[in-house]
Amino acid sequence: MGVTLPGASGEVKESYEISNSLRFNDDDVPYLSKTFSSGNRKTFTYSAWFKISNAGNATLFSAHVDNNNRLRIATNGSYRLLVFGKESGTTNINLTSNQTLQDVSAWYHVVVAFDTTQSTSSNRIKVYLNGSQVTSYETETYPDQDNQTMINNNTGHYIGQRGDGSSDKLDGYLTEVHFIDGVAKSPTDFGEFNDNGVWIPKRYTGDNYGTNGFYLQFKQTGTSANSSGIGADTSGNDNHFTPTNLAATDITEDTCTNNFCTMNPLYSYTGITFSEGNLQTNLGGSNHRWGTGTFFVESGKWYFECKVLSD
């Protein structure tokens, strides 16, 4: 059953609805990848909605030459937002938020706007979570002025893993992914607060994504890098991503405007493992096992079902 519950709670005040998301099951090592021609490496914006199934080292977007030359937007093992980069083996970007993201029932919206031409270091990367700028950091290292970042370099770009084959895999859901090449955007280009003060998505009306810009809606189910593939770019740029270890069954209707109840790994019997976006679990063992859902039922009529895959 779907319930409109974007980020926390409240009603959507306008008609913009997100119909699909892409589910990443980290045990499958799933990811999207594309190698770009060089674009604007100083100024760009990444925006996405995500729901983490098992919080930890989860890559939302990365550019990876090798372990000494890379940049990624992610969450880390302490449930914190992370923007981390290395060049020639030296860490030149490290923004690790103090705020933690431990709610596996919530959809979060992140915007990361780069503009390394700025003279003030803290203006070179701005991170926004659910419409508000992140200003409190556990670690705060900004790039040099006019730094040419790894993103938009002529190298592999990845969604769902760091880029070295299997590290820092995303386990959860992702939708409404925008990348704007050449412009540092505001979160209000992608979302707004509703009447209850909840951050919700709105239609992006920008008319220029730039050379390497893309928009991923996950409405297609093919496994090739084209307009019918899972990683289809619908911005008009045809910057389609290649899906790896992803299938049509990974396209879901669980989104930031139609949040579904899943199992909750933070409140369950010790030793239970969850997978497939917290929709599947292994209840093996001789003792009883139990798990709970992410929604509380207090009144009304509710329906759920489950399927036993093996006994």
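Which residues are linked with Arg72 in a network of salt bridges? Select Arg162, Asp164 and Asp168 along with Arg72, and you have the network. A salt bridge here is a side-chain nitrogen of Lys or Arg within 4 Å of a carboxyl oxygen of Asp or Glu. This is a predicted model: local features need pLDDT of at least 70, side-chain atom pairs count only at pLDDT 80 or more, and totals for chains, interfaces and linings use all residues. Residues are numbered from 1 along each chain as its sequence is written, and side-chain values use heavy atoms, with hydrogens and water left out.

Zoom in on arginine 162 and aspartate 168: their closest N and O atoms are 3.4 Å apart. Arginine 162 counts as buried at 14% relative accessibility, and aspartate 168 does too, at 15%. (Buried is under 20% relative accessible area, exposed over 50%, partly exposed in between, with a 1.4 Å probe and protein chains only.)

Next, pick arginine 23 and aspartate 250, a salt bridge at 3.7 Å, N to O. Arginine 23 sits in strand 2 (residues 21-24) and aspartate 250 in the loop between strands 18 and 19, so the pair ties together parts 227 residues apart in sequence. Strands are DSSP runs (E, at least two residues), numbered from the N terminus.

Last stop: strand 5 (residues 58-66), where seven of the nine residues are buried. Seven bridges join strand 5 to strand 6 (residues 69-75), running antiparallel; strands pair if DSSP finds at least two bridges between them. Click phenylalanine 61 and you'll find isoleucine 73 of strand 6 opposite.

Note on methods. Helix = DSSP H or I, 4+ residues; strand = E, 2+ residues; numbered from the N terminus.
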